[in-house]
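Please study the sequence and the structure before reading each solution.

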Amino acid sequence: MYDDTRAATAPFSHVGGTGAVIRLSLVNLLLNIVTLSLWRFWGKTRVRRLLWSGTVAWGDPAEYTGKGGELFIGFLLALFLVFLPLVIAMAALQAQVQSGQMWAGPGIFIVQVLFVVLAGAGLYRARRYQLSRTLWRGIRGGQQGSALRYGALMLWVGVASLFTLGWAWPWGEMKLARYRMDNTTFGDSRFSCEAKAKPLYRRFALLWLSGIVFFAGIVAAGVAISQRLNKPEDSVGVIALAYVALILWGLLTVAVPYAWYRAGFYRQLADHTRYCGAAFTLEATAGSLIRLAFGNAVVAFLSLGVLRPWTALRTFRYVCQHLRVVGEPDWERVGQSTDKAPGVGEGLAAVFDGAGEF
Amino acid sequence: MAALPGRFNDGRTAATRSVQVTARPAGLEIRGPDGLLVAFWRTGDLRADGELPGGKGVRLRCAADPDARLSLEQAEFIRPLLPKPPRFPWGKLAASVAGVLVLLAALWQGIPAGARWLVALVPPGLEQRWGDTLAGSLESQFGVCRQPAGEAALHLLADRLAANLPPEARPRRLVVVKMADVNAIALPGSTVMVFAGLLADAQSPDEVAGVLAHEFTHLRLRHPTAAMIRATGVGLAVTLVTGETSGVLASGAAMALAGAYSREDEAAADAGGVALMNAAGLDAHGLSAFLRRLAAHPSRVPAWLSTHPDSAARADAVDRLARPDGHPVLAPEQWTALKGICG
């Protein structure tokens, strides 16, 4: 079906400048201060407009058509209709438990489960909103599927990972990613994704074992330090040194295997995604992912999160540089999306997990 | 005028086609390479849709056909035709900032007022359960001092002071906990907790009596419950505005504002405490002596100072109200027993 002997092309590029993103971040910081952070909805929208419009595919730039007011109203709706009622229910149930009403215990558990499911559903709805506001050549993106089902799936993946000591995680993470990709649309055509977790388990086994080594090292160091720690006045220096050692030890043992696993994950995901006869590959490597993540962490940390849009820009550039396409879809046959786009956006995600912060 | 080369998306498919665009008095005439008319965009419908990345011209939209796009590289002929892009809405921003300030002022005044009003609605039974849970967890966490002779001396002091309170305002529970801080707290539901550090620091029974009278007044005026309602209100307001739902920011703001809000409560508790001391025939200068020592050693008592600011000014206010003819409360051996309540 797919003529994979055709050469891979690199139709994506990002032409946005770093200076513009930094300037916008600083302006947003000032406006957030004077509005007690209420500007954030409009600030986020401006950042997205900048990031999207710098993303060029087959010579034409993407557009972001979302509005700050849509995010603001979505936030208010989620806060008042979902979050506050749940918090009040939680407080009432906790008061019942404290005064000895044991029936309220399972009620608290149910509310906690609802929180997890709604957090997942919020992420999915946020993605739907962002895709519906993403245009290219005047054609809208979109996302089908059920947000609540996605939230329930996330809960199930979390529980399964817990009970298998993490071994269900690659399977679960891939299942979630597949659900997202499979339901992604551009225009009237859908992406399809057949990525599998099985090929990832070799990389995951190494990651899991290095996690064990990491924890064993921490425990051994903890025992050694507590034996030497006789004079309390030395303790501040020792603790500071221990933190530095902890970070280095983590980088040494876990970061590289984790990057290797993530590179495998993204490759698997891209390699098995199709759109209208086009196939994708992502030339992600552990080294380049570490550089991206390390740079992003340094920028976000040193700027106290203010320059997070810059980290988003770096990620956009990374994807544009490393994503290849085999075969170009026949754009004549991709019609405008007929899905109804959501009227307001991202409230659940903004309230429950602060997602989509750039 | 010569036709300009452009790229056209009709908004029905994702295909891009090359077009020739000619500016006519009524609008833009868009023709395909074969010369056939593709679209005609009226001048009134034209919308600027931003610059193309890398300075490669402009993109246009048409109000009558909102999904269609037209990209032109030689933009200098087109720019004069376009409506000006909307300027940054400074007016709206200024109005929002003013609105935020008004909201802040309203919350600043409204939260304590609302808390005073809500306190009256809290049923005493709920308040007691609330306070007992809190007291129980603090007691089991730090441990309670229970030397019988010391407890007897403490309750002798407390009963002298509480005799002048209406029965429903008397404390239900008075304990000393093994905490080194120089502090005493009143909890919702009529519990007073004296920290061992305060007894160790106190120089005379009058000082302890002054602190007890102060805390008893907090209870009579239901300040602990009001403070909890205020903290909840501040936390709720912070969560609603910032959307930060982990509670870190909310509890931080509640703690930061607690001191500012409690000044009024502290002044009222000082005045009420002096009145209790005067009525019981005790020397209220004990309270001011205690406050002065706190003011002289601020670094030793961070916990007390954080909720009890301006110790020196408060001591002066207490002195103005205190009657000069107080009597000693405890015999020397009772005072020794109270100091040794923790063994």
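**Exercise 1.** Determine how α2(A) and α3(A) are oriented to each other in this predicted model.

*Solution.* The two helices are oblique to each other. The first step is the angle: helix α2 (residues 40-53) of chain A and helix α3 (residues 68-98) of chain A pack at about 135 degrees, and their axes are 8 Å apart.

**Exercise 2.** Identify which residues of α2(A) meet which residues of α3(A), and classify them.

*Solution.* From α2(A) come A:Phe41, A:Trp42, A:Lys44 and A:Thr45, while α3(A) supplies A:Gly68, A:Leu71, A:Phe72 and A:Phe75. By class, this contact holds five nonpolar residues, two polar and one charged.

**Exercise 3.** Describe chain A as a whole.

*Solution.* Begin with the elements: chain A contains 11 helices and 11 strands. Next, consider its extent, for the C-alpha trace of chain A spans about 75 × 50 × 45 Å along its principal axes. Finally, of the 358 residues in chain A, 32% are buried.

**Exercise 4.** Characterise the side of chain B that touches chain A.

*Solution.* First, 24 residues of chain B are in contact with 27 residues of chain A. Helices α1 (90-119), α2 (124-142) and α6 (223-242) of chain B each give two or more residues to this side. Its classes are nine nonpolar, 11 polar and four charged residues.

Methods: Residues numbered from 1 in each chain as written. Chains lettered and ligands numbered in written order. Predicted model: local features only at pLDDT ≥ 70, side-chain atom pairs only at ≥ 80, totals over all residues. Contact = placed C-beta atoms within 7 Å. Helix = DSSP H or I, 4+ residues; strand = E, 2+ residues; numbered from the N terminus. Nonpolar A, V, L, I, M, F, W, Y, C, P; charged D, E, K, R; others polar. Buried ≥ 20, exposed ≤ 12 C-beta atoms within 10 Å, placed from the backbone. Axes fitted to C-alpha atoms, helices over the stretch in contact; angles between N-to-C directions. Parallel < 35°, antiparallel > 145°, perpendicular 65-115°, else oblique.
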